[in-house]
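Hi,

Here is the structure I promised to pass on to you. Have a look at it first, and then read my notes below.

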Amino acid sequence: MRVHIGTDHAGFDVKAAIVRVLQTRGYDVVDHGAEDYDSEDDYPSYIIPTAEAVVADPGSLGIILGGSGNGEVIAANKVRGVRAALIHSNETAILAREHNNANIASLGARMHSREQVIDLILAFLDTEFSHADRHVRRIQLISAYEGSFTDM
């Protein structure tokens, strides 16, 4: 499976460890930046391209990191076709995939240790969507609403 990853300066240090772990587990990881540490960079510059790549690459998933993960999840969810979830526990990671078929996990690199971040990402990636009727129906309702907007 391909995993797209993007982060600003807040998640820059942990990103390399995440990439190594995922590659060791056989994931094809595509890094959308940041390429260099810059304490003044802007997360939308990395998060939006990551989200666009997930949508353009059916079957892939995304990992986005920031200080809290909040701004990142907001930015990612502006991209049509993205269902990004803020992950803060194993339960939220699993439910995001099982119930919401989330295609991007957003994590706060300053909210967890490096090991916790990696564990949460693995919980997200290792979980499949349940395909339960009620969850499919709810996702269809969200997609229908999202599709009702026209580009200006």
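Let's start with strand E1, which is mostly covered: five of its six residues are buried. Buried here means under 20% relative accessible area, with exposed being over 50% and partly exposed in between (1.4 Å probe, protein chains only). Helices (H or I, at least four residues) and strands (E, at least two) are DSSP runs, numbered from the N terminus.

Before you go further, keep in mind that this is a predicted model: local features need pLDDT of at least 70, side-chain atom pairs count only at pLDDT 80 or more, and totals for chains, interfaces and linings use all residues. Residues are numbered from 1 along each chain as its sequence is written, and side-chain values use heavy atoms, leaving out hydrogens and water.

Back to E1. Two strands pair if DSSP finds at least two bridges between them. E1 runs parallel to E2, with four bridges joining them, and Val3 stands opposite Val29 in E2. E1 also runs parallel to E3, this time with five bridges; there, His4 stands opposite Gly62.

Next comes helix H1. What do its buried residues pack against? They pack against strands E1 (2-7), E2 (28-31) and E3 (61-66), and against helix H5 (114-125), where contact means heavy atoms within 4.5 Å. The buried residues themselves are Val14, Lys15, Ala17, Ile18, Val19 and Leu22. As for the pattern, an α-helix has 3.6 residues a turn, so residues three or four places apart point the same way. After H1 you'll find Gly26, whose phi is positive, near 90°.

Now to Tyr27, in the loop between H1 and E2. Is Tyr27 buried or exposed? Tyr27 is buried, with a relative accessible area of 14%. Not counting residues up to four places away in sequence, Tyr27 touches Met1, Val3, Leu22, Leu125 and Asp126.

Finally, the whole chain. The secondary structure comes to six helices and five strands, and from the N terminus on the elements run β-α-β-α-β-α-β-α-β-α-α. The radius of gyration is 15 Å, close to the 15 Å that the globule rule gives for 152 residues, so the chain is as compact as a globular protein of that length. That radius is taken over C-alpha atoms, and the rule is 2.2 Å times the number of residues to the power 0.38. Of the 152 residues, 46% count as buried.

Cheers
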